[in-house]
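Please look through the model below with a few questions in mind about its strands, its loops and its packing.

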Amino acid sequence: MLGSKIAIFLIYPKWALKPSHLRSISYLEEKGFSVVVVSNLALSRSDIDLLLPKTACIIERPNIGYDFGGYQDAIRHIAGSRGALDQLVLLNDSTWFPIASSRDWIDSVSLLGVDFAGAASNLGLAPVPPNEFHSFLWSYATDRPHFHYCSYALSFGKNVLRDDAFWAFWDRLQITNDKVQTVRRGEVGLSQLLISRGHSHGTMLAMDGIGDHIETMSDDRLLELVRALIIPQEPELSAARTAFLANSPKSADWRTDAVKFILNAIARTGISYALPEYTTRELGFPFLKKSPLVLDYEGRQETLRILRNQPATLAVELLAEAEQIVGAKGQNESSLIAQVAV
């Protein structure tokens with residue numbers, strides 16, 4: 001039976017259901033949500049048996065349309081309950097969530113007091129080319145034309161759920177396996193629609209204050225952050241970082257340059273990817289992206305470092321999953337689990 005708070009959790013359990021999936025579902029249950037699991041892959045009988053006691057509904061579907069395809073099917077399924085719905089949450093398993101010692105996302109959304117919220121946003125900044133980072137200005141604005149909230153964690157409150165335009169969006173959304181089009185039609189399209197209709201909105205990561213926060217850091221911490229940046233699939237930015245680290249001793253201008261380099265990298269890459277070491281450690285962000293494990297070597301090493309710093313039992317669990325993800329991509333890695341002292 002569906003309640004007044006529904007969480008749609010989209011999964012792609014390529015190697016069967018994981019403990020991290022069940023932990024995410026348990027968190028949502030504890031927060032009072034009826035959980036609808038959407039699997040973009042056929043589930044085994046044993047996985048279904050694990051999910052049934054913890055979920056209100058399980059939907060299996062072909063892997064078409066990325067997360068928005070799964071979200072669309074689930075939202076159509078629950079549409080008959082829309083009149084009694086107070087909160088709807090959309091989540092997918094592209095992140096580990098929640099990680100240890102983090103802020104509570106659902107509570108954070110409630111404290112924002114907005115009509116809809118994301119865990120993080122993208123394209124609210126105007127980046128410059130990697131080698132022109134000296135000219136970058138941190139100016140976060142939600143009125144930029146392609147600004148959007150990231151689809152791995154979204155929350156909608158009563159005002160949105162009573163707006164017919166929200167439900168019409170899902171009815172008319174054209175699903176595609178083109179990732180760029182999915183972002184434009186899904187993440188950008190939905191965010192821009194709700195903003196244009198006057199709904200209040202916000203994000204757990206308060207981007208307007210991050211620039212000021214990083215400017216207050218010590219030189220040593222700034223150097224740590226430059227080294228910790230995850231730069232997936234952007235060779236020019238990666239090369240610029242290598243050059244910056246090699247050619248920029250701590251001169252009078254070094255501090256300003258380091259701040260600008262970090263902030264421009266965030267603008268170019270997105271806060272969800274760029275600095276998980278900072279967002280999880282200092283901001284208590286409860287989401288950690290999985291994809292850097294397979295996008296490049298540096299991203300993999302930084303992600304593994306964060307996982308190793310989780311409490312021992314959880315670290316073993318997450319590193320086992322990471323090892324499977326890395327191994328599936330043919331990486332020649334020594335055992336990740338062996339590097340954790342239990």
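The questions and answers that follow concern a predicted model.

Q: How many residues of β2 are buried?
A: On one side of β2 stand Ser-34, Val-36 and Val-38, and on the other Val-35, Val-37 and Ser-39, and both faces are covered. Because buried means under 20% relative accessible area, each of these residues falls below that cut-off. Strand β2 is therefore largely enclosed by the rest of the structure, the count of its buried residues being six of six.

Q: Which residue in β3 stands opposite Ser-39?
A: Strand β2 pairs in the parallel sense with β3 (residues 57–60) over four bridges, while six bridges join β2 to β1 (residues 5–11), also running parallel. On the β3 side, the residue opposite Ser-39 is Glu-60.

Q: Is Asn-40 buried or exposed, and what is its relative accessible area?
A: Asn-40 lies in the loop between β2 (34–39) and α2 (45–51), and the residues it touches include Leu-10, Tyr-12, Arg-61 and Gly-70. Its side chain reaches the backbone oxygen of Tyr-66 at 3.3 Å. Since buried means under 20% relative accessible area, Asn-40 counts as buried, with a value of 3%.

How values were computed: Residues numbered from 1 in each chain as written. Predicted model: local features only at pLDDT ≥ 70, side-chain atom pairs only at ≥ 80, totals over all residues. Heavy atoms only, no water. Helix = DSSP H or I, 4+ residues; strand = E, 2+ residues; numbered from the N terminus. Buried < 20%, exposed > 50% of the residue type's maximum accessible area, 1.4 Å probe, protein only. Polar contact = N/O pair within 3.5 Å; in protein donor to acceptor, adjacent residues only side chain to side chain. Contact = heavy atoms within 4.5 Å. Pairing = 2+ DSSP bridges. Lists of a residue's contacts leave out its neighbours within four places in sequence.
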